[in-house]
Every structure is written in C-alpha cells, then in structure tokens.
Amino acid sequence: GSGTATSLGTIGLAVTGGGYFNHLSSPTGSLALANEGPSLDSCLGHSAGGGTYHYHANINCTDAGAATGANDADICLKIGYYRDGVPVYGLCKDSSGVQMTSCYSLVSGSTTSNVVTISGTYNVASTNTDYEYNPTSDCNLDEGNGAIHPTTGEYSYFMTTDYPWVPIYYYGGEGSRRLCGLNL
C-alpha cells in the first residue's frame, strides 16, 4: 500500500532518548541537512527551538550509548521506533550482504553543494524536489526507506548514507500514532 508522508517535528523515538525528525527543515521542502547541517553535532543531531534533541540522519557518533554501532552496517543495530510502531535500524546490509541503499536519485538539472558538519562533508541538493524515487538494481529500499529486515523477517526502516537519510513515509500498520505522554 501507499505510505503516509512524515511531518515536521518528532516522527520517532531513538534508543538514546532523543527523537527523530524527518529530512525537512521547513514545510516548503528545504532539506534539513542542507540548511541545518553546520549546527548538527557528531551524532547528526541537535536541539530544536523548544529544546527537543533530535536526529535528522543516522546516529553517526562513535559513543552513542545504546545506539553505539549504528554507523556499522555489519552490526545492523536497532536504534528506535517510528510513530507507526515500525522499528528503525542504523546502517544495515541485506541478506545478500549489500548495504541498504536508498532508491532516491538526483533529478536531472538539480544542483548540489557541500555541507560541512562536525561528522563529515555531505554533497546535497537544497530541496526534496531535487530528488526522485527511482528503484533500480543498485538500491534495495522502498519510498519510505524500508524493507523486510534480513534476519527478523519484519518490515523495518533503515537509515542511509544518502538522501533521504531517514525514513520519510510511515508504512506501518499502526499508522501515525501520538507519542506517549500525559493528557491532562
């Protein structure tokens, strides 16, 4: 079936206690990595205006508590859950030993620039319309950055090293649920 696009704000929770935000920095389609990249820490996270610490990409740092190892595809570490109940993993390999790879590619004529973060330099376009979903034999994830997990056999989301970096659609059967909290 078709997925539901993630929205701005918290779309999932990490095992570190932080949240996941999607790939956008504004409702107009501006990309977070292109616009907020220099403010991201070594884990590819930072705090929002209201103080919510969140990630816009894989938890990339080498000392991330329960998420340490998320950047090692051989480990394929579960790093949280999205609001639809689907587990999310850091970098992983499929059952053939090939790293999980996004099927999005740059639209012809789009331009990119280098964005320097504390964890590395990324060559990215500035908006989500600069990319299109184009499934080929060189990739193995659906539009939401999900696939059947190679060892658990359950549908899961995967972080990637290229656009969109984080899952951007909810495909879970539970839909986009409210986050747990007190409703006073």
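Me: What should I know about the model before we start?
Reply: It is predicted, so local features need pLDDT of at least 70, side-chain atom pairs count only at pLDDT 80 or more, and totals for chains, interfaces and linings use all residues. Residues are numbered from 1 along each chain as its sequence is written, and side-chain values use heavy atoms, with hydrogens and water left out.

Me: Why are C43 and C61 called a disulfide?
Reply: A disulfide is a pair of cysteine sulfur atoms within 2.5 Å. The sulfurs of C43 and C61 are 1.9 Å apart. In general, a disulfide is a covalent bond between the sulfur atoms of two cysteines.

Me: What makes the link of C43 and C61 right-handed or left-handed?
Reply: The torsion about the S-S bond is 85 degrees, and the link is right-handed.

Me: Where do C43 and C61 sit?
Reply: C43 is in the loop between helix 1 and strand 4 (45-47). C61 is in the loop between strand 5 (53-55) and strand 6. They are 18 residues apart, and the pair links distant parts of the chain. Helices (H or I, at least four residues) and strands (E, at least two) are DSSP runs, numbered from the N terminus.

Me: How do you know whether C43 is buried or exposed?
Reply: Buried means under 20% relative accessible area, exposed over 50%, and partly exposed in between (1.4 Å probe, protein chains only). C43 has 14%, so it counts as buried. C61 has 6%, so C61 is buried too.

Me: How many disulfides does the rule give?
Reply: Three. C76 and C92 form one of them, with sulfur atoms 2.1 Å apart. The torsion about their S-S bond is about 90 degrees, so this disulfide is right-handed. Another joins C103 to C139, S to S 2.0 Å. Its torsion is about 105 degrees, so it is right-handed. C103 is at 4% relative accessibility and therefore buried. C139 is at 14% and therefore buried.

Me: What pattern do the disulfides of the chain follow?
Reply: The pattern is 1-2, 3-4, 5-6, with bonded cysteines counted along the chain.

Me: What makes the phi of C76 worth a remark?
Reply: Most residues other than glycine have a negative phi. Phi of C76 is near 50 degrees, a positive value in a residue other than glycine. C76 has a relative accessible area of 15%, so it is buried. Phi of N145 is also positive, near 70 degrees. N145 lies in the loop between strand 11 and strand 12. Its relative accessible area is 0%, so N145 is buried.

Me: Why are Y20 and Y82 called a tilted aromatic pair?
Reply: Rings of Phe, Tyr and Trp (its six-membered ring) pair if their centres lie within 6.5 Å. Planes under 30 degrees apart count as stacked, over 60 as edge-to-face and the rest as tilted. Y20 and Y82 are 6.0 Å centre to centre, with 40 degrees between the planes. So they pair, and the pair is tilted. Y20 is in strand 3 (residues 19-20) and Y82 in strand 6 (residues 78-82), 62 residues apart.

Me: What makes the pair of Y163 and W165 edge-to-face?
Reply: The angle between the planes is 80 degrees, which is over 60, so the pair is edge-to-face. The centres are 5.5 Å apart. Y163 has 5% relative accessibility, so Y163 counts as buried. W165 is buried as well, with a relative accessible area of 5%.

Me: Which peptide bond here is cis?
Reply: The bond from Y163 to P164 is cis, with omega near 5 degrees. In general, most peptide bonds are trans.

Me: How do you know that N22 makes a polar contact with S7?
Reply: A polar contact is a pair of N or O atoms within 3.5 Å; within protein, one must be able to donate a hydrogen and the other to accept it, and residues adjacent in sequence count only if both atoms are side-chain atoms. The side chain of N22 reaches the backbone oxygen of S7 at 3.2 Å. That distance is within the cut-off, so the contact counts. The N22 side chain also reaches the backbone nitrogen of L24 at 2.9 Å. N22 has a relative accessible area of 1%, so it is buried.
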